[in-house]
Structure formats: C-alpha cells, structure tokens
Amino acid sequence: MNYCSSCGARVALQIPPGDNRPRHVCVACGMVHYQNPKIVAGCIPVWEDKVLLCKRAIEPRHGYWTLPAGFMELDETCQEAALRETLEEANARVEIINLFAMFSLPHVSQVYLMFNANLMDLDFAAGDESLEVALFTRDEIPWEELAFTTIRYSLKFFFADRDDNQQRLHTGAIVRAAAGNEFLAGPKTEY
C-alpha cells in the first residue's frame, strides 16, 4: 500500500500508538489502514464414492486439479461463498452438509474453509475458471497434479473420515518451510 484511501497522501509502515504490529499509517491524516487475511471458501462435492474436482484454467497453478473454492465476497456468508464458487467453477449445485476443515495459511494471509457437500445431480460442466471437471474415486484422484496443499490435506482427511465412518472437523496451519515446501502444522481433529 502506497497511498491513503481516505486523503490520498503517502502511507508509512509503522506501529501506531496502542498497537503491537506495523500497520500502514497515513502520514497526513493519521488513518490506520488495517489489512486482514482473506477467506477462501469451498466444497468437497460428493456423488456416491466420488469427489468432483476442477482442472484450473487460471493462474496460479493453471492445469492442476482442485476442489471448487475461491475468495469470499462482501455481503455473503461462508456457505454462500462455497455454493457460489462451486457453481462458478463447476456449474454444480450442491447441498452443504457441514464445515469440514479450517486451515490457516499465514504465509499468504488466507484462511480456508472447506465444507462437506453432496452433489444434487450430475448436471455439471467446466465454468470459466476450469478447463474440465470430473468425478474421481480415491484411487483415480491425480494426487501428483493437485494444485494446492490445502486440497491435498482436505482430500486426505476426507477419505480417512470416510474409512472410519466419521464426520470430523479438521483444523491446522499450513506453513511454508525454508525449502519452500508446505506442510500442516498443529493439526487437530475434533469429533
């Protein structure tokens, strides 16, 4: 951030009085511009023993597979965001069952909320952000071609829950190691 959205003057990164971390503060009017993590909401759309995945038509990770998910918009709930993203990316209608996973990604300032969902029918097709969409059993999932670490963990936990005949809430932080790889730290599963 370079300029104040209130008065147009330059901003400086400094710790405001009474705060404990650097913020963008306007040098003219003193407005503190808080920046907060973005929320990504999505679904694990299921039909019988299969999960619906989308092959990305956009960057990042163009050509890789993902679950339908995207950034939450203003004036919508987390569930509405997950339903909208599933419709936009896969032209799929789903019924949300429950919150399945919540992952913090501090290195990119994002929080992922993934919901268990049932496909309402098999009338789905690639949306503008997808090259193709398809249903996969666990053995058919292109594990080496998944776009994001959040998707890999979501699917891993989904199938483990299915094996155990459980519905659990999975939480944790996906962190980036010095070598650049990402892993789940502090995973917690609630029954």
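**Basis of the model**

Strands here are DSSP runs of E with at least two residues, numbered from the N terminus. The structure is a predicted model, in which local features need pLDDT of at least 70 and side-chain atom pairs count only at pLDDT 80 or more, while totals for chains, interfaces and linings use all residues. Residues are numbered from 1 along each chain as its sequence is written, and side-chain values use heavy atoms, with hydrogens and water left out.

Strand β9 covers residues 110-119 and is largely enclosed by the rest of the structure, because eight of its 10 residues are buried (under 20% relative accessible area, with a 1.4 Å probe and protein chains only; exposed is over 50% and partly exposed lies in between).

Two strands count as paired if DSSP finds at least two bridges between them. β9 pairs with β4 in the parallel sense over nine bridges, and Ile 44 has Asn 116 of β9 as its bridge partner. β8 (residues 94-105) runs antiparallel to β9, joined by 10 bridges; Leu 99 stands opposite Phe 115 in β9. The hairpin of β8 and β9 has four residues between the strands, and Ser 109 takes a positive phi near 55 degrees there.

**The three-stranded sheet**

An open sheet has the order β1-β2-β3, with antiparallel pairing. β1 (11-14) and β3 (32-33) are at the edges with a single partner strand each, so one side of each lacks a neighbour in the sheet. β2 (residues 23-26) pairs with β3 over two bridges, and His 24 has His 33 of β3 as its bridge partner.

**The loop at Asp 49**

Asp 49 lies in the loop between β4 (38-47) and β5 (50-56). Asp 49 is partly exposed, with a relative accessible area of 43%.
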